[in-house]
2 protein chains.
Amino acid sequence: MAIPRAARTQRKTRIQEERQELILEAALDVFSASGFRGSTLDQIAEAAGMSKPNLLYYFRTKEAIHRQLIDRVLTTWLEPLRVFDAAGDPESEIRSYIRRKLEMARDFPRESRLFANEILQGAPHIEDELKGPLKELVDEKAEVIRSWARAGKIARCDPYHLIFSIWSTTQHYADFDVQVRAVLGQANSGEGRFEDAARFLEALFMDGLRVR
Amino acid sequence: MAIPRAARTQRKTRIQEERQELILEAALDVFSASGFRGSTLDQIAEAAGMSKPNLLYYFRTKEAIHRQLIDRVLTTWLEPLRVFDAAGDPESEIRSYIRRKLEMARDFPRESRLFANEILQGAPHIEDELKGPLKELVDEKAEVIRSWARAGKIARCDPYHLIFSIWSTTQHYADFDVQVRAVLGQANSGEGRFEDAARFLEALFMDGLRVR
DNA sequence: CGATAAATTGACCGCTTGGTAAAAGCTTAC
DNA sequence: GTAAGCTTTTACCAAGCGGTCAATTTATCG
């Protein structure tokens, strides 16, 4: 047997790189559909087209796969918020943030569900990252929003709850996809629903319902 | 052994009533925290303060417990939408719907998470109920909203996505509680965050951000 | 009380699960 | 070619799982 396990190896071979990527891709499928405890190594191994011991040659434990997946997703997931620009125009910044988040819900629903699963279970693996890097990033952007409100460019509002509401409304289309499809029925559950959602959310955040 | 199992018995004894309630309460704790597959009968039995065989004397399978729990939650969960009144004033109807949903997220977070877990996993047990009763109810209320828009009482908007956005923003505070707390930090993660959320959401849905 | 039914439990079973051991193939570099 | 290390698989294990059985204890009621 090879002494330097994949996990311990510094220098990765070409095969190691490819196989690990293949495994992570398969694991994302399985974990996002069934959650951590609901998924089995056999399922992941089959989805990756290899035997279970072979899979465990590349990742020492089930948790190791999950952790790496979560880490990776967490990084890319927050990218839209990072590019949120203080120097930009409030309207277009908020608009495009909503649009980007909605596009991610459409294009990366597995990632969204993986994350939702993790949070729902109490975020046992990433609590520190939520309280650290995530909080810092949100604090920073909240200050930007607050300054826009002070300058009279947008209505005064709690920036944290604004961000929460953008997160929840957009991710809803990935995480609660089954429900959305069931309610909309066959007619409107195609890809067009994302355009409808985008129009609605833009209008909502920009103008509200303008109740008289 | 008793021939008439609890599940088969028509006439329930006092004890059966109490114990089943006790089990459902315990199961709600466990299922909402760990999901269906993540929960074990041993956990539920311990939370209910009884042995596993005893628990299985009242519910024949793990699924039976889960199904009854889901059924019950689904009914109460949609109550706020049912009382949504076509004859009422649009502004106060929408306002109080948001408030009621937010109160439910605050007062019944376990129920919200149980439901979220189920949907996230693809709603394997309740797909029919989503496509049937739920869809019908939403269709009905969507028509109400649409009529308000036609009458010029609220801005024209897609009523389905309006309902989705109310669901997602309010339930977010139950389902993503860990994240909300982590981001808000110790200062704002007390009960006061629900009042802040209520103020924000009312303002959002009524007036938007009024971007200039 | 005594009898009958209901409630409870410890022991157990078969299956699935995450993970291991060891040996057999396969690559790669000299 | 061949030796060294990398990759893959077959066979396996111990623990945890949902669920059953049979026996015991407890409640109910005449």
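Modeller: Start with the residues around DNA strand C: there are 21, and A:Lys62, B:Thr13, B:Gln16, B:Asn54 and B:Tyr58 come nearest. A residue counts as near a strand if one of its heavy atoms lies within 4 Å of it. This is a predicted model, in which local features need pLDDT of at least 70, side-chain atom pairs count only at pLDDT 80 or more, and totals for chains, interfaces and linings use all residues. Residues are numbered from 1 along each chain as its sequence is written, chains are lettered from A and ligands numbered from 1 in the order in which they are written, and side-chain values use heavy atoms, with hydrogens and water left out.

Sugar or phosphate accounts for 57% of the atoms of DNA strand C within 4 Å of the protein, and bases make up the rest. B:Tyr58 places a side-chain N or O atom 2.6 Å from a phosphate oxygen of DNA strand C. For B:Gln16, a polar side-chain atom is 2.7 Å from a phosphate oxygen.

Next, the elements. Helices are DSSP runs of H or I with at least four residues, strands are E runs of at least two, and both are numbered from the N terminus. Helix H3 (52–58) of chain A supplies at least two residues of the surface near DNA strand C, as do H1 and helix H3 (52–58) of chain B. H3(B) gives the most, with four residues.

Turn to how they meet. In contact (heavy atoms within 4.5 Å) are 64 residues of chain B and 64 of chain A. The two bury about 5,600 Å², with 68% from carbon and sulfur atoms. That is the accessible area (1.4 Å probe) lost on putting the parts together, summed over both. B:Leu120, B:Val183 and B:Leu209 supply 13% of what chain B buries against chain A, more than any other three residues. Zero salt bridges link the two chains; a salt bridge needs a Lys or Arg side-chain nitrogen within 4 Å of an Asp or Glu carboxyl oxygen. Polar contacts join eight residue pairs, both residues at pLDDT 80 or more. Helices giving two or more residues to chain B's side include H1 (14–38) and H9 (159–175). H9(B) gives the most, 12 residues. That side holds 32 nonpolar, 18 polar and 14 charged residues.

Last, chain A. It has 11 helices and zero strands. Its C-alpha trace spans about 70 × 40 × 30 Å along the principal axes. Mean pLDDT, the predictor's confidence in each residue from 0 to 100, is 91 for chain A, with 93% of its residues at 70 or more. Treat residues 1–10 of chain A apart: the pLDDT there is below 50.

Key: A polar contact is a pair of N or O atoms within 3.5 Å; within protein, one must be able to donate a hydrogen and the other to accept it, and residues adjacent in sequence count only if both atoms are side-chain atoms. Ala, Val, Leu, Ile, Met, Phe, Trp, Tyr, Cys and Pro count as nonpolar, Asp, Glu, Lys and Arg as charged, and the others, Gly among them, as polar.
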